[in-house]
Amino acid sequence: MAVELTPAGHPDLPSQFNNLGNSYLTRFEHLGSLSDMAEAISAHQKSVELTPTGHSDLPSRFNNLGNSYLAHFEHLGSLSDIAEAISAHQKAVELTPPGHPDLPSRFNNLGNSYIAHFKHLGSLSDIAEAISAHQKAVELTPTGHPDLPSQFNNLGNSYLTHFEQLGSLSDIAEAISAHQKAVELTPTGHTHLPSQFNNLGNSYIARFKHLGSLSDIAEAISAHQKAVELTPTGHPDLPSQFNNLGNSYIARFEQLGSLSDIAEAISAHQKAVELTPTGHPDLPSQFSNLGNSYLTRFEQLGSLSDIAEAISAHQKAVELTPAGHPNLPGQFNNLGSSYLTHFQHLGSLSDIAEAILVYQKAVELTPTGHPDLPSCCSNLGNTYLTRFKHLGSLSDISEAILAQQKAIELTSFGHPHLASYHHNLGNSFHLLSHLSDYCSNLQRSILHYKSAASFDFASPSIRLKAAKCWAQLASMSPIQSQETLLAFETVMNLLSLVAGPEHTVQHRHQLLQGMSDLPLQAAATACSLGHIDKALEWLEQGRCLVWTQQNYLQTPIDDLAQHNPALAQHFLDVSKNLEHAAARDSSLQPGMSLAEKISLEKEAHAHLNLANEWNDLLNNIHTTVPGFHNFLKPPLCSTLIQSLPDSGPAVIINVHHTRCDAIALIAGLDEPLCIQLPRLS
């Protein structure tokens, strides 16, 4: 109405168009109507065109025009839109004088446009520009300014995106730090606080996927729960908050395998879909994540209804994503995962053909240099490998190796997925070794398994999986060597790491199910190579691992108290608290309120803090108290021999299907004796 009543050439007309554009943009953000978005861009363009060069309002009008183009790009993914957004935001920055109070917010919006461009094309120069712009926004914003939390939030988002591309731990540390500052500086009750918690949770979950630290996933779930709790019913951000909470539960489920977590993930993702209006640009992603949750539960329980729901949700995600949208390759990738899993369950060749087809589309549509390209290549390779296992076609195993090698070539050292890619390629060379060039391909397989197991930046569970394959193949080699011992030593070290004291006793038992044979096989291999001392140490290390850890928490510390009474008492107190925490019931129960779930997460987080404190104290004892460098470590062979009684030997029987041995410890002898028992099985 104001625009219609203002005559052409009137000095207020540009301002009226500007306000009209802002109104259309606000309605678009709430309802997602493309006609509103088109009207917003048109009004802002007219506002810019009608504003004279040099006018003090021209920078703000370029800024608003850039915001409209950015919103349109985020909905449809057109490169011309994001190019216009960057151009408009650059002009807004250039035309704003130094010291102007709006300059920080204009740098902030320019950074947001570069981030969006990066997510579409994956150019590192874009993310560098985004970080630079967001840093300037923070630096130029005075302490106490109400926009400062938002500037820190966006700076954290830029660092998080850079981390997801390169995997640098300094980037994710900066992201978490910036997001923490955003939360700390946002007043209680502020409308932005839920989104600040949401982004903080996203940073923690990204580091969790890189390092596998349970304290990070606990922080992520806690932050996402707070985001949901603080977001009012009907708020447009609530679906996104539920979506990210579901993602956190999925990540923890993949690490710990608790069915209550996957149930919570499905529930959260269902709410995200239900609360997202038809036509909203986030709806395809919500369907995609819901499909991922169903797929994950199907892999655990095998219910056909779950895989049907997964395929249906992923198909909707693809159908609702416009051609050319930057998320489309990811939607194809997830749909491929559902088809592949359906094939693995029912064996229908049409499913594996569909999986390969959609994975190929994902690879083709992902731009060169994009951070998701290695993952798409890896999934395509794994699918070819799966079809090879069923049909035996050499072309399939060749395609699998090519795609998996490309995934590794495109992944920088230090990236959390690199270990998985090496493990997958190891699987392919292992299968190929049965068909051609056995020795060379077997060695290639061992090399890739060893690489995956040795990456200390990767998830311990992935490393353990690779180490087991490495050890199994090394032990099958006609000529065993020190390499075989190294493989089993890696397995034994990772076993202790995967089932550490940060887990409840019940969960440690679950984690170690199916692994009880590993210490026996390791000891048998050590005996066959003449390393009886190693065999003894590994048997002692693997003997009832969970019980040994609990026993450590109850160990008398009289000797330590004589050297450092305060440290001994602190260690004793933490040990008792950790023992109590390990016995708690950590399972989520049906019907729990959000407040009860948050309380349970607080207990889990307190448990993790105790475990970290216990490990820090133990390291302090090892490094600062003379003579205690082996305190609570698995005993060495020499220590076990020194502890023997004066009379009578101690004999340990190791029974494994490869060989059986008696290891005798006799007082007065410096080394154990190995007596092979060929008739024992």
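## A strand with a surface patch

Val 655 sits in strand S1, which spans residues 650-656; strands (E, at least two residues) and helices (H or I, at least four) are DSSP runs, numbered from the N terminus. Val 655 is partly exposed, because its relative accessibility is 37%; under 20% relative accessible area would be buried and over 50% exposed, with partly exposed in between (1.4 Å probe, protein chains only). Together with Val 651, Ile 653 and Leu 680, Val 655 makes a nonpolar surface patch of about 320 Å² accessible area. Patches consist of residues with over 30% relative accessible area and no salt bridge, where like charges are joined within 9 Å and nonpolar side chains (Val, Leu, Ile, Met, Phe, Trp, Tyr) within 5 Å.

## The model and the whole chain

This is a predicted model, in which local features need pLDDT of at least 70 and side-chain atom pairs count only at pLDDT 80 or more, while totals for chains, interfaces and linings use all residues. Residues are numbered from 1 along each chain as its sequence is written, and side-chain values use heavy atoms, leaving out hydrogens and water.

The protein chain holds 31 helices and three strands. Of its 681 residues, 51% are buried. The accessible surface is about 30,700 Å², with 53% of it belonging to carbon and sulfur atoms; areas come from the Shrake-Rupley method with a 1.4 Å probe, and for residues only the protein chains shown count as cover. Among contacts (heavy atoms within 4.5 Å) with a separation of 6 or more, 61% are between residues 24 or more positions apart.

## The sheet and its helices

The three strands form an open sheet in the order S1-S2-S3, with antiparallel pairing. S1 and S3 (673-676) are at the edges with a single partner strand each, so one side of each has no neighbour in the sheet. From one strand to the next, the twist averages 20 degrees.

Two strands count as paired if DSSP finds at least two bridges between them. Seven bridges join S1 to S2, and these two strands form a hairpin with two residues between them. Ile 652 has Ile 663 in S2 as its bridge partner. S2 (residues 659-665) pairs with S3 over four bridges, and Ala 664 stands opposite Leu 673 in S3.

Two helices lie across S1, S2 and S3: H25 (residues 517-528) runs at about 105 degrees to S1, and H26 (residues 532-542) runs at about 95 degrees to S2. Axes are lines fitted to C-alpha atoms, for helices over the stretch in contact, and angles run from 0 to 180 degrees between N-to-C directions.

## Salt bridges

Glu 489 joins Lys 534 and Glu 537 in a network of salt bridges.

By this rule the count is 10 salt bridges. Among them, Asp 261 and Arg 252 meet at 2.9 Å, N to O. Asp 261 is buried at 3% relative accessible area, and Arg 252 is buried at 10%. Asp 216 forms a salt bridge with Arg 207; Asp 216 is buried at 5% relative accessibility, whereas Arg 207 is partly exposed at 23%.

Notes. A salt bridge is a side-chain nitrogen of Lys or Arg within 4 Å of a carboxyl oxygen of Asp or Glu.
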